[in-house]
Amino acid sequence: MHIADGVLPLASIAAGWAGTGVAAGLTLRKVPFEALPKAAVMTSAFFVASLIHVPLGPTSIHLTLNGLVGIVLGPLAFPAILVGLILQALLFQHGGVLTIGVNTLMMGLPALMAYKIFDVACRFNFRHREAVAGFLAGALSIFFSGLFLALWLVTAGREFLAIAKLALAAFLPLMVVEGLVCAAVAAFLAKVKPEMLERTSHATDNPVSP
Amino acid sequence: MHPEIDRFAYLSSPLHRLDPRAKIAVFAAFLVATALVRGLPGALLALALAVLWVGVSRIPLGFVLRRLKAVVLFLSAFLVLLPLTHPAGWQAGLLRGAVIFIKGLAMVLTVFPMFGTTPFHTSMKALSRLHVPERLVAMILFTYRYLFGFAEEVRTVQQAARARGFKPGNNRRTLATLGNLIGLTLVRAYERTERIYQAMLARGFKHKFGTLHEFSFTWPDAWKSLGILLAAVALVGVDRLWPKFFG
């Protein structure tokens with residue numbers, strides 16, 4: 001799910017870079033330099049995990065995992081997604097080079113929302129808490145990414161309105177798949193390595209938490 | 001997964017010999033110029049120039065074409081859907097779709113000479129010389145460093161799942177299994193972060209990167225950069241002036 005080069009006018013591209021610059025600056029500046037190699041190792045693992053094929057109907061898709069990145073990395077999810085998209089553009093020529101700014105906003109802001117959603121949901125106590133919170137975070141992050149993509153296209157040109165609507169409709173099945181996978185991963189982590197999901201009580205034990 | 005971006009980084013061509021800092025800067029200018037193009041003649045000129053860059057770089061065409069699949073698929077959506085949905089009629093839609101398709105193709109082709117003719121770590125050093133924040137460059141390099149190890153690990157985990165009779169299908173069981181598989185990969189990575197960092201400190205990592213490559217900007221670099229920049233300016237010029245003279 002990226003916008004490739006060639007579609008957007010320069011003004012939308014510049015706005016994307018400006019937003020990404022501010023958000024990446026704010027999230028990167030806060031962390032000590034020691035946290036970067038650790039966050040990078042996790043980014044690397046996420047990048048590889050997002051290459052796994054998931055069957056969907058007659059075809060298969062790659063996961064985005066931006067909700068999961070938000071849950072595990074917190075605010076550092078934003079630079080992590082920026083790095084992931086840069087590598088994807090340079091290694092696989094997916095997405096575009098000029099659109100890295102727009103694409104990072106499109107996937108990074110929902111990742112930060114997913115982090116908040118998961119955090120708030122986990123303050124309550126109920127059965128299958130992590131799975132439900134994980135589903136919400138995963139599905140909503142894709143929903144917001146789709147909304148963002150549609151909005152960005154429409155502001156770029158009114159002739160894109162129909163395409164934006166179609167793209168949004170195509171996102172609905174993706175939302176369900178990402179939500180279910182995210183729920184499964186969150187439940188797995190809660191069982192196997194709960195400190196990866198906790199940022200408040202064990203802040204010092206979590207090497208990648210700010 | 002191979003470090004495919006480095007696969008043709010050690011060939012010899014005028015673009016391979018161009019100072020990486022200048023290379024990234026002038027091709028970025030060319031990308032911006034292409035993004036400014038509005039009409040079909042400009043888009044076609046951009047594509048011709050991009051093909052020229054790829055030709056000069058001596059990166060094999062077959063390799064380039066194989067990597068275009070994803071972008072072509074994305075751009076085709078515009079080429080097919082715009083004629084059907086454009087408010088000003090199908091002709092306007094087809095023209096718009098064609099311009100987008102050709103521009104997109106030109107821009108993705110430019111990425112090959114831009115980053116494919118320099119070893120990855122040298123490109124990153126050049127980025128940091130071009131004032132991309134140190135922390136971001138550091139994170140890119142670290143992430144890149146561990147990609148291949150994790151890719152190997154994911155293959156192992158997937159093989160283990162297959163050996164136990166796992167067949168992906170359209171059901172919740174598949175998603176749960178894939179979830180565990182991804183979770184396992186993340187836990188392994190997480191458990192390694194601390195040890196990797198300790199190992200780096202033990203080897204004298206001082207929060208700075210060094211490469212042995214020293215940049216130098218010489219007269220041939222200046223001429224080549226100037227040529228690419230002029231092409232970028234000419235591209236915008238042709239795009240803006242064409243309708244006035246021939247439109």
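# A guided tour of chains A and B

Begin by selecting chain A, whose secondary structure comes to seven helices and two strands, where helices (H or I, at least four residues) and strands (E, at least two) are DSSP runs numbered from the N terminus. Residues are numbered from 1 along each chain as its sequence is written, and chains are lettered from A and ligands numbered from 1 in the order in which they are written. What you are looking at is a predicted model, in which local features need pLDDT of at least 70 and side-chain atom pairs count only at pLDDT 80 or more, while totals for chains, interfaces and linings use all residues.

## Chain A as a whole

The C-alpha trace of chain A spans about 50 × 40 × 30 Å along its principal axes. The radius of gyration, taken over C-alpha atoms and compared with a globule rule of 2.2 Å times the number of residues to the power 0.38, is 17 Å for chain A, which agrees with the value near 17 Å for a compact globule of 210 residues. Of the 210 residues of chain A, 62% count as buried; a residue is buried if 20 or more other C-beta atoms lie within 10 Å of its own, exposed if 12 or fewer, and partly exposed in between, with C-beta atoms placed from the backbone.

Now colour chain A by pLDDT, the predictor's confidence in each residue, from 0 to 100. Chain A averages 88, and 94% of the residues score at least 70. The lowest confidence is in strand 2 (residues 59–62) of chain A, at a mean of 78, and the highest is in helix 5 of chain A, at 95. If you then select residues 200–207 of chain A, you find a pLDDT below 50, and this stretch has nine contacts in the model beyond near neighbours in sequence; two residues are in contact if their C-beta atoms, placed from the backbone, lie within 7 Å.

## A stop at A:Val97

Select A:Val97 next, in the loop between helix 4 (77–91) and helix 5 (100–121) of chain A. Is A:Val97 buried or exposed? With 23 C-beta neighbours inside 10 Å, A:Val97 counts as buried. Not counting residues up to four places away in sequence, A:Val97 touches A:Asp5 and A:Ala89 as well as B:Leu31 and B:Val111. The C-alpha atom of A:Val97 is separated by 11 Å from that of A:Trp17, although the two are 80 residues apart along the chain.

## Chain B

Switch to chain B, which has nine helices and zero strands. Its C-alpha trace spans about 65 × 55 × 30 Å along its principal axes, and chain B has a radius of gyration of 23 Å, whereas a compact globule of 247 residues would be near 18 Å. Of the 247 residues of chain B, 37% count as buried.

The domain assignment, which comes from an automatic or database source, gives domain 1 (4–119 + 221–246) and domain 2 (128–202) of chain B. The C-alpha centres of these two domains of chain B lie 33 Å apart.

Select helix 6 (residues 120–129) of chain B, whose buried residues are B:Ser123, B:Met124, B:Lys125 and B:Ala126. Those buried residues pack against helix 1, helix 5 and helix 7 of chain B, and just after helix 6 of chain B you come to B:His131, which takes a positive phi of about 70 degrees.

## Where the chains meet

Show both chains together: the contact takes 63 residues from chain B and 56 residues from chain A. On the side of chain B that touches chain A, helix 8 of chain B gives the most, with 20 residues.

Finally, which residues have the most contacts inside the largest nonpolar core? They are A:Val69, A:Ala77, A:Val181 and A:Ala186, in a core of 149 residues, where a nonpolar core is a set of buried Ala, Val, Leu, Ile, Met, Phe, Trp, Tyr and Cys residues joined through C-beta atoms within 7 Å. Helix 7 (residues 161–192) of chain A gives the largest share of this core, 16 residues. Domain 1 (4–119 + 221–246) and domain 2 (128–202) of chain B both give residues to this core, so the core lies between them. To end the tour, select A:Val181, which, leaving aside its neighbours within four places in sequence, is in contact with residues including A:Val54, A:Leu63, B:Leu175 and B:Ile182.
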